[in-house]
Amino acid sequence: MKHIICSIYDTATEAYMRPFTAQSSGQAMRMFEDEARRPESEIGKHPEDYALFKIATFDDNRGHIEPIEPICLRRAHEISKQED
């Protein structure tokens, strides 16, 4: 099965955070949105600093990672605006 590898970019540190896998872009976005909606999380406290990126795919049958040009899937400050 192919999974996606995502990472959250932090503009304050100008670095990508530790990557994680998800079964789909939708699942990764839901995980990111849940974190952005938690007011006690770093993403929830500073939503303007964080964005979710798809950075690779992972084939668990072959153990192969294929990097891609990073694609922005979601920005945390856009999630906050939707809740107002």
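Student: What makes Cys 72 partly exposed?

Tutor: Its relative accessible area is 30%, and partly exposed lies between buried, under 20%, and exposed, over 50% (1.4 Å probe, protein chains only). So Cys 72 counts as partly exposed. Keep in mind that this is a predicted model, where local features need pLDDT of at least 70, side-chain atom pairs count only at pLDDT 80 or more, and totals for chains, interfaces and linings use all residues. Residues are numbered from 1 along each chain as its sequence is written, and side-chain values use heavy atoms, leaving out hydrogens and water.

Student: Why is Cys 6 called buried?

Tutor: Cys 6 has 0% relative accessibility, so it counts as buried. Leaving aside neighbours within four places in sequence, its contacts (heavy atoms within 4.5 Å) include Phe 20, Ala 28 and Leu 52.

Student: What makes a set of residues a nonpolar core?

Tutor: The members are buried Ala, Val, Leu, Ile, Met, Phe, Trp, Tyr and Cys residues, joined through side-chain atoms within 4.5 Å. Here the largest such core has 12 residues, among them Cys 6, Phe 32 and Ala 76. Ala 76 touches Phe 32, Ala 36, Ile 43, Pro 47 and Tyr 50, not counting residues up to four places away in sequence.
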